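Subject: the two-chain model

Hi,

Here is the model I promised to pass on. Have a look at it in your viewer first, and then read my notes below.

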Amino acid sequence: MAQWTVLLGGSGLPDCALPDRALVGGKAWSIARMAALGLDVPPAFVIGTAACNAYLGAGHFPDGLEAEIDDGIAWLEAHTGRTFGRGDKRLLLSIRSGAAISMPGMMDTVLNLGIDEGGEAALAAETGLPVFAADTQRRFHELFAAIVPDGPATGSVRGQLHAAVRAVFDSWNTRRARRYRDHNGIAHDLGTAVTIQAMVFGNLDETSGTGVLFSRNPLNGDPVPYGEYLPRAQGEDVVSGKFTPLGLDAMLSHVPQAHAALLEASALLERENGDVQDIEFTVQSGRLYLLQSRSAKRAPAAAVRIAVDMVDEGRVDAATALSRVSAEQVSTLLLPHLAPGASEGAELLASGEGACPGVASGILVSDPDEAERRAAAGEAVVLVRATTSPDDVHGMIAARAVVTEQGGSTSHAAVVSRALGRPCVVGTGAGAQARAGALVTVDGAGGKVYAGALPTKTPHEDDHPYLARLIAWARELSPVTVVRSGIGASPAGIDIDRVVGEGGTEALAEALAGQSAAYGSGLSNPEIARIARRSGVTAMTTDPILPALLVALES
Amino acid sequence: MNARDLVLHAAAIKRHAPAPAIAALAGLPASQAKDELDALVASGRAISANGAYALTPLAGVALQARYGFHFAELREDAKFVAAYEGFERINVTLKQTITDWQTLDVGGMRIANDHSNKAHDEAVIDRLGGLHEKAEPILGALAAALPRLSYYGDKLLAALEAAEDGEHEWVSDVRRDSYHTVWFELHEELLRIMGREREE
């Protein structure tokens with residue numbers, strides 16, 4: 001009976017009961033759970049948190065741990081038909097930290113551990129890809145040197161494995177991790193687990209590949225699996241952006257059995273977890289392996305559609321559905337956009353990369369001081385610069401939108417515009433500043449600057465089929481009454497718009513103290529609604545109402 | 001730099017800031033910085049509005065012209081220049097990290113991050129912490145050559161720790177000394193010291 005380690009399933013057969021999450025950490029637990037559901041995951045074993053605590057207490061591995069690691073490796077070898085540090089089919093490993101509670105400062109993943117000079121040659125022969133084998137060897141050494149600075153970069157792979165495990169244990173006590181635990185009241189003796197998993201190869205042959213699958217479309221919420229597949233590639237190739245991934249159709253034609261297994265797994269994981277899943281997978285010689293499954297990130301339109309659909313399908317209740325839609329997502333859906341056909345025939349003044357979505361019109365001004373002055377006088381201005389620097393921030397705050405001639409989506413202008421929520425187009429090329437003085441409309445999503453003030457359309461929450469459903473549920477569950485402006489008697493309580501107009505949001509909390517009712521369009525802004533909610537306001541009058549309702553439902 | 005140029009320099013970097021913030025960046029006592037600022041306003045080199053200060057355009061140009069004199073030694077200091085170049089390399093990662101904080105990759109499309117996905121936010125803040133650890137030796141080398149620059153390392157660490165503790169505005173809010181605000185002020189400081197132009 002192993003004292004320090006737990007084997008985590010393997011080829012679809014659970015080798016043990018679901019382990020205690022506190023002892024093996026979140027990552028190992030989710031691997032074990034997928035295995036317990038009968039899904040194929042690359043075999044893995046985990047060194048539990050007890051071994052970490054014993055190591056940190058004594059300064060060396062506890063008795064018996066090395067032998068158990070050797071046993072774990074032998075078990076991985078048996079399950080994969082590969083050998084660690086020898087032979088012509090090499091076993092390569094990923095090493096990951098895994099505390100029960102995620103925290104900053106813990107060690108990153110080490111990939112491809114087990115490759116050495118002989119391993120590179122073996123991998124080159126097996127895949128027929130000598131460049132890939134050399135790359136794998138190089139990437140391993142870079143990562144290993146960065147994460148295990150005192151580790152044996154050359155030498156036995158077993159020694160490297162032990163050094164990587166020690167590095168994970170030691171990362172429990174990095175300055176950042178300790179400070180985080182102190183601040184959040186997390187005990188210092190919980191320790192971290194170490195998950196050691198066999199790596200699978202998506203580039204082994206013509207029936208191998210790698211990809212990502214969403215159990216529903218994460219952009220628009222369509223209840224249809226949506227994914228990308230890259231034949232004959234490793235996960236790093238997808239991230240690198242060097243290759244253009246193909247759709248799921250390509251997977252169906254390349255590896256039909258793995259495709260069918262993937263769709264089955266997707267439906268199963270979504271049902272079991274009660275939420276849309278984002279699944280990373282690799283196909284090795286026609287066989288599907290699931291690497292990770294978690295709740296998917298989703299665009300606002302997808303968030304509302306999925307929430308409503310899942311209630312209709314009987315998968316979640318209304319309260320859960322509402323908890324998966326944020327007030328900010330609803331606000332985004334209700335932002336003004338160019339009216340249909342508005343840009344047809346409009347003169348395109350400049351075009352670049354859209355860095356922050358939204359539409360705004362104003363006079364193009366190329367000087368930040370002038371922008372601030374004219375905005376203070378009530379004029380709508382759009383700031384245009386070659387690039388921006390901290391010198392320009394006051395002008396960006398004053399402007400309705402920002403345009404730059406140079407720079408990309410990570411430039412200062414892009415970062416600051418997103419922080420301010422200003423529609424922004426970057427990298428239009430020279431000439432935009434020369435149009436200063438013109439009245440323009442900026443389409444931040446499309447990356448376009450048009451001449452003139454184009455008509456915009458502001459969607460209404462009642463006209464939106466999914467938002468209307470969410471409003472009905474939220475009204476029933478909300479502890480705060482939210483009434484739409486302009487309906488019934490004149491609104492009660494304090495005028496939020498007046499308070500914000502005179503003293504900014506800083507003045508709000510004070511003005512709201514002791515008030516139970518408030519009204520004004522400002523309450524449709526989630527941040528302002530949160531301040532009102534914290535101040536104890538229980539009746540709000542505003543338009544639109546759904547953002548405020550969702551704020552009222554936040555725990 | 002003398003106290004007057006230090007205050008001009010700090011006001012140029014921390015534009016439209018109140019006197020205490022300018023004093024902190026200049027590394028001068030608050031009262032001395034306030035006196036210098038008042039003198040600059042009186043002589044037409046700065047303007048003040050609502051308690052915040054900004055240089056007049058001519059004073060800004062004149063200050064730029066004196067940088068070559070003030071920073072001649074630093075520009076020739078191999079250790080300082082190497083640290084500056086290290087900063088520029090990390091700057092590329094910083095910009096990507098802040099962009100990943102503000103946006104989400106959803107099925108291959110970049111959308112605004114509404115911070116409803118806690119795991120994403122925690123992962124980005126963890127990366128920011130890792131980046132800060134890589135930056136620390138560089139910040140140390142910069143401050144070793146010019147002690148006043150330790151201001152930035154202290155402010156960056158304070159912003160990082162506030163973000164790690166769950167106050168997420170400290171990552172990139174432009175209206176406070178967030179990690180991004182201080183990082184860009186340091187970038188601006190270094191560009192002025194080195195006499196270089198910002199690329200984007």
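First, the bookkeeping. This is a predicted model, so local features are given only at pLDDT of at least 70 and side-chain atom pairs count only at pLDDT 80 or more, while totals for chains, interfaces and linings use all residues. Residues are numbered from 1 along each chain as its sequence is written, and chains are lettered from A and ligands numbered from 1 in the order in which they are written.

**Cores**

A nonpolar core here is a set of buried Ala, Val, Leu, Ile, Met, Phe, Trp, Tyr and Cys residues joined through C-beta atoms within 7 Å. Buried means 20 or more other C-beta atoms within 10 Å of the residue's own, exposed means 12 or fewer, and partly exposed is in between, with C-beta atoms placed from the backbone. The largest core has 128 residues, and A:Leu8, A:Val46, A:Ala164 and A:Leu470 have the most contacts inside it. Its largest share, 8 residues, is supplied by helix H6 (residues 157-171) of chain A.

To see A:Val46 in its setting, skip the neighbours within four places in sequence: its contacts are then A:Thr5, A:Val6, A:Leu8, A:Val24, A:Ala28, A:Ala193, A:Val194 and A:Thr195. (A contact means C-beta atoms, placed from the backbone, within 7 Å.)

Helices (H or I, at least four residues) and strands (E, at least two) are DSSP runs numbered from the N terminus. The expected span of a helix is 1.5 Å times one less than its number of residues.

Helix H3 (residues 65-80) of chain A has 16 residues and should span 22 Å, which agrees with the 22 Å between its end C-alpha atoms. Its buried residues are A:Leu65, A:Ile69, A:Gly72, A:Ile73, A:Leu76 and A:Thr80. They cover an arc of only 100 degrees around the axis, so they sit on the same side of H3(A); the arc is that of the directions from the helix axis to the C-beta atoms. Those buried residues pack against strand S1 (5-8), strand S2 (44-47), helix H2 (49-58) and strand S5 (193-198) of chain A. On the face turned away from the buried side are the exposed A:Ala74 and A:Ala78. Just after H3(A), A:Gly81 has a positive phi of about 70 degrees.

In helix H11 (residues 300-312) of chain A, 13 residues should span 18 Å, and the end C-alpha atoms are 19 Å apart, which agrees. Its buried residues include A:Pro300, A:Arg305 and A:Met310. Among the elements covering the buried residues of H11(A) are helix H12 (318-323), helix H13 (327-333) and helix H17 (465-477) of chain A.

**Strands**

Two strands pair if DSSP finds at least two bridges between them. In chain A, 4 strands make an open parallel sheet in the order S20-S23-S22-S21. Strand S20 (481-484) and strand S21 (494-495) of chain A are at the edges with a single partner strand each, so one side of each has no neighbour in the sheet. S20(A) pairs with strand S23 (residues 539-542) of chain A over 4 bridges, and A:Val483 has A:Thr541 as its bridge partner in S23(A).

Strand S8 (residues 277-284) and strand S9 (residues 287-295) of chain A are antiparallel, with 8 bridges. They form a hairpin with 2 residues between the strands, and A:Ser285 in the turn has a positive phi of about 45 degrees.

Most residues other than glycine have a negative phi, and most peptide bonds are trans. A:Asp543 and A:Pro544 are joined by a cis peptide bond, with omega about 0 degrees. In chain B, B:His16 has a positive phi near 55 degrees and is buried, with 21 other C-beta atoms within 10 Å. B:Asn50 has a positive phi near 50 degrees, but is exposed, with 6 other C-beta atoms within 10 Å.

**Chain contact**

The contact takes 38 residues from chain A and 35 residues from chain B. The chain B side divides into 10 nonpolar, 12 polar and 13 charged residues. (Nonpolar is Ala, Val, Leu, Ile, Met, Phe, Trp, Tyr, Cys and Pro; charged is Asp, Glu, Lys and Arg; the others, Gly among them, are polar.)

Cheers

How values were computed. Two residues are in contact if their C-beta atoms, placed from the backbone, lie within 7 Å.
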